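This report describes selected local features of the structure shown below.

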Amino acid sequence: MTIEPSAKPLTFETLYSEPSIIGTLPTAASWSADGRSLAFLWNDVGHTFRDIWIWERETKARRRLTQLGTGRTSGEPVGISELAWLSDGRIAFVLQGQLYLALGDGTVQPLAIGTQGVSAIAAASDGTALAFLSGNALMIVAADVAAQPKTLVAGSTFVGVESFQCATNGNLVFVEADDTNTRKIEIAYDSRGEARKDRFVRSFPGDLLTRRRVGLVRPEGGEVTWFDRPDAEDAIWGYGLSKDGKSLFISSSDLSIKNHTIFMFDTRSGARNVFYAANDPVKIRPDWQVSFAPDDKGLIVLTDRDGYNHVHRLPEQGAALEPITSGSWEIAEFAVDASNGQIYFIANEAHPAERHVYSVALTGGAVTRLTSPAGIHVPTYAPDFSAFADLFSDDMTPPELLVQPTEGRSKPQEVTHSPLPAFAERRWAEVRYVSFKSHVDGAELMARVMLPPDFKPDGTHPMVVGSVYSDGLLNQWGGRAAHPSWGIDQYLASRGFVVVSPEIRGSFGRGRDWNRAMLNSYGTQDIEDIADCVTTLTGLGYADPKRVGLWGSSYGGLMTLMSLFKKPGFYAAGFAGAPATNVWHAYPEQGWIMGLTEGEDYIERYHAQSALFHSAGLEDALTIIHGTKDEVVLYADTMALVEKMIGQGKTFELVTLPGTGHAWAKQSRTLTRFAYGKLAAFFERHLKNSPEVSSATE
């Protein structure tokens, strides 16, 4: 008998409980060296604790390798966090910062006993040893339970290894970060009845920055070879060692990202040259990727020098870029299949909200789309590129792991099925996409719109816009997934709200000129894009223009405040989470958009882009929610805005979350239910004139 989905309103207990109704996200997909087996981390009954699972390519069989999560339920640790295959078929993994080995029969043995804070594990090139970070020290250990780990690069309080790569010649290339001269801040807060104080490394615009350099070390240890750039404070976007080990590239830019340079080093002499350099005075997204071309003959470069992010060949130093792909769409990332002369990449060629996997010959030519279902596809390629694991999701499907061959058009093989049976028994919101235009410059944009049950375009529905942020137009379960907002979105839709995620400038996929308007424009162009979305949707009858609310967090909180402050009366209510009210306290990297602390106009620019200086315009309902231990957006900045609005006689609400950091909606399920309960009740009151409802029970 087929069970009809229930239209009964959802509750936060239904949405944010353990086991989760949407299941557990499969993570850390990794192929064995022979490409016959796929390992991944998962829980098949929806709990947070992930074990190692194996899928065999030949038999299509799936089995659970480790049993460490057996008997563990809610409140337990998140389980295994990383894995790496060794050459003999064993799998190394990390559990609560400790390193272990899993044998073929599931037996677990400790490795590198006594080593703490393990992360970023990777098998060395021959698969017989394991490199990893312990805190910020780079270490290596033979894949033997009796082996003692060796420190290759030591770390200290403010200096240590940030990332590394195991090169094909056995050497390790790494980035060392030095925060000795970087600002340190202390955040005082109260939690669990005690006064506390935590210390963070945290730069502000105009401060000294983290200094980075790239080093090379042999697997047996010894002296490090360093490769310095002219300015150690410049960003590093990528680095890599050639197959023959003779050359090293570093993809770098200045803080503003307006100047991109690829340095090439001779690893024997240390000689440095500028292999490629470009200047773009309006660039606001560092979407570059660089890789050595097959046989080390030049580089493959992902850049938007032609207006859109595409892959190019750079045959030699100083040569012109040779386009491999082109078109009014963009590539997010690529991988080079040197043996078969192919490039595989993720792009939005099919639709602005979709990401598909494609292939193209290294010489260019026709592009082949490999994935069929509309949605978001994230590939993990087999070593020989004969197949890829595909983490797939769409608007109606929580993420699942599939496997698909790169040749032919055979149907993908389902590896996981994550949602609980109750998922199919509930009625989930329909999603559609609606185009709109900017009234500022006529640019094309699009909105992701979730519809309530029995929706009719009669202009009577309340509408919630958010969570507003860049890169929010995604055809995947929950849309933008930085917060667990899939649940609050579904909850609001079930209660009659139209829920909207608008595309805004500064996002991926539409090209350099489309994004140009965002330069020096926090709280200006972005809020105009959101308002144009609202005007279009209300004009089409999606909602009542007098019952539109807006919410977002961090930068989304800034947009929420600026929208209310600069467009009074346009929205009925706004809910701002951890709002970046004062961009003077942003990370220096925000200078990509707001500009650096230089030039005669920089104070004027910072004031123009900071909500703190625009609060006089507030006329509509506002709630701010913020954690007191937030080192990303300082709680002190919220206090400064609160003091100012009190002095201005403004009416608003403040929800304080003691001891909570920047991710205020995902620290625990209890906190999630509380915070999103506040958000839902706020919009119920101000957009539906309804009393607060209990959202904790059916």
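Ala-112 is placed in the loop between strand E8 (108-110) and E9. In this predicted model, the phi of Ala-112 is near 50°, a positive value in a residue other than glycine. Ala-112 is buried, with a relative accessible area of 2%. A positive phi is also found at Ala-28, near 55°, and this residue belongs to strand E1. Ala-28 is partly exposed, its relative accessible area being 34%. Such values deserve attention because most residues other than glycine have a negative phi, and most peptide bonds are trans.

The bond from Glu-18 to Pro-19 is cis, with omega near 0°; Pro-19 lies in the loop between helix H1 (12-15) and E1. The bond from Gly-466 to Ser-467 is likewise cis, with omega near 5°, and Ser-467 is found in the loop between strand E37 (463-465) and helix H3 (486-494).

**Strands and sheets**

An open sheet is built from 4 strands in the order E27-E28-E29-E30, with antiparallel pairing. Strand E27 (331-337) and strand E30 (368-369) stand at its edges; each has a single partner strand, so one side of each is left without a neighbour in the sheet. E27 runs antiparallel to strand E28 (residues 342-347), to which 6 bridges join it. Within this pair, Val-336 stands opposite Ile-343 in E28.

E23 is joined by 4 bridges to strand E24 (residues 299-303), and the two run antiparallel. The bridge partner of Ser-291 in E24 is Ile-300. E23 and E24 form a hairpin with 6 residues between them, and Asp-295 in the turn has a positive phi of about 60°.

**Aromatic contacts**

The count of aromatic pairs comes to 36. Charged ends also sit over aromatic rings. That of Lys-184 lies over the ring of Phe-158, 4.2 Å from its centre, and that of Arg-213 lies over the ring of Trp-226, 3.5 Å from its centre.

**Cavities and pockets**

How many cavities of 30 Å³ or more are there? The count comes to 5.

| Space | Volume | Lining by class |
|---|---|---|
| Largest cavity | about 110 Å³ | 2 nonpolar, 5 polar, 7 charged residues |
| Second largest cavity | about 70 Å³ | no nonpolar, 7 polar, 3 charged residues |
| Largest pocket | about 2200 Å³ | 31 nonpolar, 14 polar, 4 charged residues |
| Second largest pocket | about 1200 Å³ | 17 nonpolar, 19 polar, 6 charged residues |

The largest cavity, of about 110 Å³, is lined by 14 residues, of which Arg-285, Asp-304, Gly-511, Arg-512 and Asn-515 are the closest to its centre. The lining of the second largest cavity includes Arg-448, Arg-480, His-483 and Asp-489. Gly-466 and Ser-467 are also among its lining residues, and the peptide bond from Gly-466 to Ser-467 is the cis bond with omega near 5°.

The largest pocket has a volume of about 2200 Å³. Of its 49 lining residues, Gln-165, Cys-166, Thr-168, Pro-383 and Phe-385 are the closest to its centre. Among the elements that give two or more residues to this lining are strand E1 (27-31), strand E9 (118-123), strand E13 (159-166), E23 and E27. The largest share, 5 residues, comes from E19.

The second largest pocket, at about 1200 Å³, has 42 lining residues; those closest to its centre are Leu-25, Arg-50, Pro-484, Trp-486 and Arg-669. Two or more residues each are given to this lining by E31, strand E32 (387-394), strand E33 (397-405) and helix H10 (669-687). E32 gives the most, with 3 residues.

Notes: Residues are numbered from 1 along each chain as its sequence is written. This is a predicted model: local features need pLDDT of at least 70, side-chain atom pairs count only at pLDDT 80 or more; totals for chains, interfaces and linings use all residues. Side-chain values use heavy atoms; hydrogens and water are left out. On a 1 Å grid over the protein atoms alone, a cavity is a set of points where a 1.4 Å probe fits but cannot get out, and a pocket is an open set with protein on both sides within 12 Å along at least five of seven lines; lining residues have an atom within 4 Å of a point. Grid points are joined across faces, edges and corners, and a volume is the space filled by probe spheres set on the points. Ala, Val, Leu, Ile, Met, Phe, Trp, Tyr, Cys and Pro count as nonpolar, Asp, Glu, Lys and Arg as charged, and the others, Gly among them, as polar. Two strands pair if DSSP finds at least two bridges between them. Rings of Phe, Tyr and Trp (its six-membered ring) pair if their centres lie within 6.5 Å; planes under 30 degrees apart count as stacked, over 60 as edge-to-face and the rest as tilted. A charge sits over a ring if NZ of Lys or CZ of Arg is within 6 Å of the ring centre and within 35 degrees of the ring normal. Buried means under 20% relative accessible area, exposed over 50%, partly exposed in between (1.4 Å probe, protein chains only).
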